[in-house]
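I am opening a notebook page on a structure that is new to me. I will look things up one at a time and write down what I find.

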Amino acid sequence: MSTDLAAGLTEFLTRTWGTPTRVDELEYLSAGARRRNVGFTAHVAGERARKLVATLVPAAVQIMSVEDEAAVRELARTHGVAVPAVVAVCADPAVVGEPFVISDHVTGETVPRKVLRLIAAEGNAETVAREWGEAMGRLHAIGPAAAPRTVPAAGADPAAAVLAAAEADVRVLLGDRPVFALALRWLEHRLPGPPPRTTLLHTDLRNGNIVVAADGLRAVLDWEGAQRCGDPMRDVAWPALRMWRFGTDEREFGGFADRASFLRGYQAAGGDFDLDRFRWWKVMGTLAWGVGLAAQAAAHVDGSVRDIVMAASGRRVSEIEWDLLMQIRPEAKV
């Protein structure tokens with residue numbers, strides 16, 4: 001682990017807290033595809049050591065500023081969503097090379113297959129599913145006006161905007177794949193129109209972005225894709241897609257929960273479930289994931305090891321075609 005990162009965090013926290021601070025025990029944690037999460041211990045003069053996590057955000061993948069992300073997280077936390085408390089924010093890349101957010105460390109599993117093994121061992125699937133739904137329901141109870149105006153907004157008609165973007169992408173990347181053309185027609189014919197109420201969205205609240213422990217759901221992570229004024233059914237549908245079940249396809253939500261368990265928590269926290277809109281966003285999310293896989297394959301073609309791995313994404317497009325056909329067939333279960 002680079003000593004420069006430790007030195008940069010030490011200097012930053014000492015200046016921020018106004019108290020001599022030493023940082024050590026740096027450890028790369030399970031990281032997403034875009035950002036790095038680094039756990040560390042902060043020794044503050046006269047206080048007990050604190051376990052913290054720094055999330056480093058390269059400029060090339062930054063969707064919103066770290067200040068806005070931190071503000072959204074704290075807004076959600078004050079409304080009862082389980083979110084690691086933000087300790088400090090630094091937008092200056094000169095400090096450690098990239099902007100970052102420092103949060104309290106939350107103990108638990110985040111790697112999806114480890115989450116599934118833990119839930120199987122503890123028998124707490126119902127608890128985790130209910131608490132997961134409650135977290136989303138509390139998030140959707142937050143009015144868009146409460147979020148910073150600089151947080152990206154989904155617009156007045158989120159479904160129409162997403163569909164238009166998908167149609168353009170399919171023409172460029174998948175114009176020769178009839179299943180995607182068929183799915184687009186299905187989506188066009190069933191376009192739901194503006195939602196009756198827009199809410200603050202997470203947009204990626206799935207297995208892989210939650211912290212789970214023996215006592216249940218501990219935290220919701222990775223808020224960089226949050227949106228104002230979104231359709232809440234987009235959020236509900238996304239974690240139900242097959243790619244987030246990690247081989248346990250019979251459990252619709254995350255590979256460990258059925259829909260009813262999730263919705264018990266969601267509706268208990270004030271969420272309104274709309275089956276037709278949920279189905280539309282589920283098909284839309286599947287198609288969008290296929291487009292993303294095709295884009296990854298198209299962008300990496302020079303023969304490097306990374307490009308060979310990324311090119312495998314192109315072969316997975318056929319899996320998405322199967323998922324789409326199963327979802328839009330007339331006799332499909334919603």
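These entries cover an annotated domain, a pair of helices and one alanine.

**Entry 1: the model and its annotation.** I note at the start that this is a predicted model. I looked up the record next. An unreviewed UniProt entry annotates residues 43-281 as "domain: Aminoglycoside phosphotransferase". I checked the make-up of that stretch.

**Entry 2: helices H6 and H9.** I turned to H6, residues 178-189, and H9, residues 275-299. Their axes come within 10 Å and cross at roughly 150°. Angles over 145 degrees count as roughly antiparallel, so H6 is roughly antiparallel to H9. I also looked up the hand of the crossing, and for H6 and H9 it is left-handed.

Which residues make the contact? From H6 I list Phe180, Ala183, Leu184, Trp186 and Leu187. From H9 I list Arg279, Trp280, Val283, Met284, Leu287, Gly290 and Val291. I sorted the residues of this contact by type: 10 are nonpolar, one is polar and one is charged.

**Entry 3: alanine 154.** I found alanine 154 in the loop between helix H4 (125-140) and helix H5 (158-173). Is alanine 154 buried or exposed? Its relative accessibility is 17%, so alanine 154 counts as buried. I then looked for its contacts. Leaving out residues up to four places away in sequence, alanine 154 touches Gln227, Arg228, Cys229 and Gly230.

I also took a distance to leucine 293. Alanine 154 and leucine 293 are 139 residues apart in sequence. In space, their C-alpha atoms are 23 Å apart.

Definitions and conventions. Residues numbered from 1 in each chain as written. Predicted model: local features only at pLDDT ≥ 70, side-chain atom pairs only at ≥ 80, totals over all residues. Heavy atoms only, no water. Axes fitted to C-alpha atoms, helices over the stretch in contact; angles between N-to-C directions. Helix = DSSP H or I, 4+ residues; strand = E, 2+ residues; numbered from the N terminus. Parallel < 35°, antiparallel > 145°, perpendicular 65-115°, else oblique. Left-handed = near helix turned anticlockwise from the far one by under 90°. Contact = heavy atoms within 4.5 Å. Nonpolar A, V, L, I, M, F, W, Y, C, P; charged D, E, K, R; others polar. UniProt positions renumbered as here; feature names shortened; annotations may be inferred. Buried < 20%, exposed > 50% of the residue type's maximum accessible area, 1.4 Å probe, protein only.
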